[in-house]
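Reader: I would like to learn how to read the salt bridges and the core. Please take the features in turn.

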Amino acid sequence: MPVIDTDEKGPNTMNAATTPRATVDAERADLLADLATARAALTITVRGLTDEQLGERPTVSALCLGGLIKHVTAMEEAWLRFVVEGPSAMRFDLPDGVTWADLMAGTAREVPQWLIDHEDGFRMLPGETRDGILARYEQVAARTEEIVAAVPDLSATHPVPDAPWQEPGAVRSVRRVLLHVIAETAQHAGHADILRESLDGQPST
């Protein structure tokens, strides 16, 4: 499983090194290694920062470093749960009387809990710490490796849950889910690198 670099006080960043199980074939090992590398590029951006700094928003965007790691953790967990459970793992139900148009326009009389949780995932909430969010990410990474090792076929598919941002009738294979998680993690690692440099002038690498 991915390991945490503890060259400073407390958990710091995930290392790209992994210890694949003997049952993981070459393709799965490559996918897991690429994901570990993307995770490491993201988590290294918080090296040496305080809990307070992880919640700061140093650019014109609303993004903070802690929120990015929380978001990517939740994204990976949700998509790998989708691999195991199918579309029921990612429901986007709306309250009675609320339409997608209302929600997108900001005029909905009630906001669904899943959207509140999604928005909270982009910020550091009271009591959250750097070590805590990194430990949570580590747990999700370990679960991902277990699922990828156990799934019978990377080509197995599930229908994608209905939502305005999804193509109607779309399906995703386990392989495509992993590629999506890798791509999104790498994309947010780039965002995090900009945030870190804007925060204290230090590059993450």
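**Salt bridges and core**

Author: The structure holds ten salt bridges. A salt bridge is a side-chain nitrogen of Lys or Arg within 4 Å of a carboxyl oxygen of Asp or Glu. This is a predicted model, where local features need pLDDT of at least 70, side-chain atom pairs count only at pLDDT 80 or more, and totals for chains, interfaces and linings use all residues. Residues are numbered from 1 along each chain as its sequence is written, and side-chain values use heavy atoms, with hydrogens and water left out.

Reader: Which residue forms a salt bridge with Glu-76?

Author: Arg-39, at 2.8 Å from N to O. Glu-76 sits in helix H3 and Arg-39 in helix H1, 37 residues apart; helices are DSSP runs of H or I with at least four residues, numbered from the N terminus.

Reader: Is Glu-76 buried or exposed?

Author: Buried means under 20% relative accessible area, exposed over 50%, partly exposed in between (1.4 Å probe, protein chains only). Glu-76 is buried at 0%, and Arg-39 is buried at 3%.

Reader: Where do Lys-70 and Glu-128 lie?

Author: Lys-70 forms a salt bridge with Glu-128, with the closest N and O atoms 2.8 Å apart. Lys-70 is in helix H3 and Glu-128 in the loop between helix H5 (113-120) and H6, so the pair ties together parts 58 residues apart in sequence.

Reader: How many residues are in the largest nonpolar core?

Author: A nonpolar core is a set of buried Ala, Val, Leu, Ile, Met, Phe, Trp, Tyr and Cys residues joined through side-chain atoms within 4.5 Å. The largest has 40 residues, and Trp-79 is among those touching the most other members.

How values were computed. Helix = DSSP H or I, 4+ residues; strand = E, 2+ residues; numbered from the N terminus.
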